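The sequence and structure come first, and the description follows.

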Amino acid sequence: MRFRMLRFGILISTVFFASAIAGFGQRRNLSEFKNNLAPFVTSPGHAVDKMLNMANLKPGETLYDLGCGDGRILIAAAEKYRVKAVGIEISEHLAKTAVDNVKKHGLEDQVKIVHGDFMQTDLSPADVVTLYLATAANESLRPNLERYLRPNTRVVSYDYPIPGWKPMDASASEGRHGVTHTIYLYQVPNSIVKK
Ligand SMILES: C[S@@+](CC[C@H](N)C(=O)[O-])C[C@H]1O[C@@H](n2cnc3c(N)ncnc32)[C@H](O)[C@@H]1O
């Protein structure tokens with residue numbers, strides 16, 4: 001009898017711990033889903049080149065890509081402009097892919113990938129911020145850009161403007177299937193429209 005009760009106790013504890021672990025995993029996935037402000041679509045290579053060119057990067061500067069996907073903008077920036085690059089990515093799978101890609105290029109000393117939410121990130125070390133999100137996401141992000149970014153920081157956004165900000169420059173870029181996309185360049189504080 002005592003042995004049977006012990007076995008029952010062990011079974012209940014195992015089920016309890018297993019569901020606690022599964023529940024924890026599910027919550028993390030739900031938060032990845034809930035706070036995800038843009039789907040994963042990569043910037044085409046020639047658009048990346050143009051974005052980085054418009055950002056006027058100088059060696060030693062720091063670039064942040066908010067929602068870095070597979071890390072392609074960070075890798076191009078580190079290789080071509082010898083800058084430090086930080087990518088924030090909410091998807092665990094994409095963040096791991098970006099880490100692998102950085103390793104493949106031997107850029108671990110220059111590029112850091114953070115698995116996290118860019119809305120919860122201190123952006124103050126950035127000299128340049130790159131975005132490929134959506135207009136509504138840019139609008140949600142704008143208070144953080146205004147709070148954290150230092151004067152002269154450049155923000156380059158592919159395809160979507162930052163509502164309420166005035167671009168310093170806007171340049172057309174040929175996208176997939178012959179569709180033309182716009183790349184917007186902003187600079188703090190000149191682009192911040194005073195109310
Ligand atoms: C359109 S993709 C751009 C990928 C990459 N920057 C590029 O240009 O190739 C947008 C990325 O933002 C990520 N993302 C969306 N919301 C996020 C958030 N709150 N924090 C961090 N990453 C986020 C998505 O997972 C996706 O990888």
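## Overall fold

Along the sequence, the protein chain follows the pattern α-α-β-α-β-α-β-β-α-β-β-β. That gives 5 helices and 7 strands in the protein chain. The model is predicted.

The protein chain has 195 residues, of which buried residues make up 33%. Among contacts in the protein chain with a separation of 6 or more, 68% are between residues 24 or more positions apart.

## The sheet

The sheet is open and holds 7 strands in the order S3-S2-S1-S4-S5-S7-S6, with mixed pairing. Strand S3 (111-115) and strand S6 (169-174) are at the edges and have a single partner strand each, so one side of each is left without a neighbour in the sheet. From one strand to the next, the twist averages 20°.

Strands in a sheet pair through backbone hydrogen bonds, in either a parallel or an antiparallel sense. Strand S1 (residues 62-66) and strand S4 (residues 128-131) run parallel and are joined by 4 bridges. Leu66 stands opposite Leu131 in S4. S6 and S7, by contrast, pair in the antiparallel sense, over 6 bridges.

## The S6-S7 hairpin and Glu174

S6 and S7 form a hairpin with 5 residues between them. In the turn, His177 has a positive phi of about 55°.

Glu174 belongs to strand S6 and stands opposite Thr180 in S7. Is Glu174 buried or partly exposed? Glu174 has 13 other C-beta atoms within 10 Å, so this residue is partly exposed; a buried residue has 20 or more. Glu174 and His46 are 128 residues apart in sequence, yet their C-alpha atoms are 8.4 Å apart in space.

## Helices against the sheet

Helix H3 lies across S1, S2, S3 and S4, and runs at about 175° to S2. Helix H4 (residues 92-104) lies across S2 and S3, and runs at about 165° to S3.

Helix H2 has the buried residues Ala47, Val48, Lys50, Met51, Leu52, Met54 and Ala55. The elements that cover them include H3, S4, strand S5 (154-158), S6 and strand S7 (180-187). Asn56 follows H2 and has a positive phi, near 55°.

## The nonpolar core

The largest nonpolar core contains 46 residues. Which of them touch the most other members? They are Met51, Leu63, Tyr64, Leu74, Ala77, Ala85 and Val129. Helix H2 (residues 45-55) contributes the largest share of this core, 6 residues.

Leaving out residues up to four places away in sequence, Ala85 touches Leu63, Asp65, Leu74, Ala77, Ala78, Gln110 and Val111.

## Surroundings of the ligand

The ligand is surrounded by 24 residues, and the closest are Ser43, Gly67, Gly69, Ile90 and Tyr132. By class, the residues of this shell divide into 13 nonpolar, 7 polar and 4 charged.

Which helix and which strand each supply at least two residues of the shell? They are helix H3 (72-81) and strand S2 (84-89). H3 is also the helix that runs at about 175° to S2.

## Backbone details in loops

Arg82 lies in the loop between H3 and S2. Its phi is near 50°, a positive value in a residue other than glycine. Arg82 has 13 other C-beta atoms within 10 Å, so Arg82 is partly exposed. Asp159 is found in the loop between S5 and S6 and, although not a glycine, has a positive phi of about 75°. With 19 other C-beta atoms within 10 Å, Asp159 is partly exposed; the count for a buried residue is 20 or more.

The peptide bond from Val188 to Pro189 is cis, with omega near 5°. Pro189 is located in the segment after S7.

Key. Residues numbered from 1 in each chain as written. Predicted model: local features only at pLDDT ≥ 70, side-chain atom pairs only at ≥ 80, totals over all residues. Near = placed C-beta within 6 Å. Nonpolar A, V, L, I, M, F, W, Y, C, P; charged D, E, K, R; others polar. Pairing = 2+ DSSP bridges. Axes fitted to C-alpha atoms, helices over the stretch in contact; angles between N-to-C directions. Contact = placed C-beta atoms within 7 Å. Core = buried A, V, L, I, M, F, W, Y, C linked by C-beta atoms within 7 Å. Buried ≥ 20, exposed ≤ 12 C-beta atoms within 10 Å, placed from the backbone.
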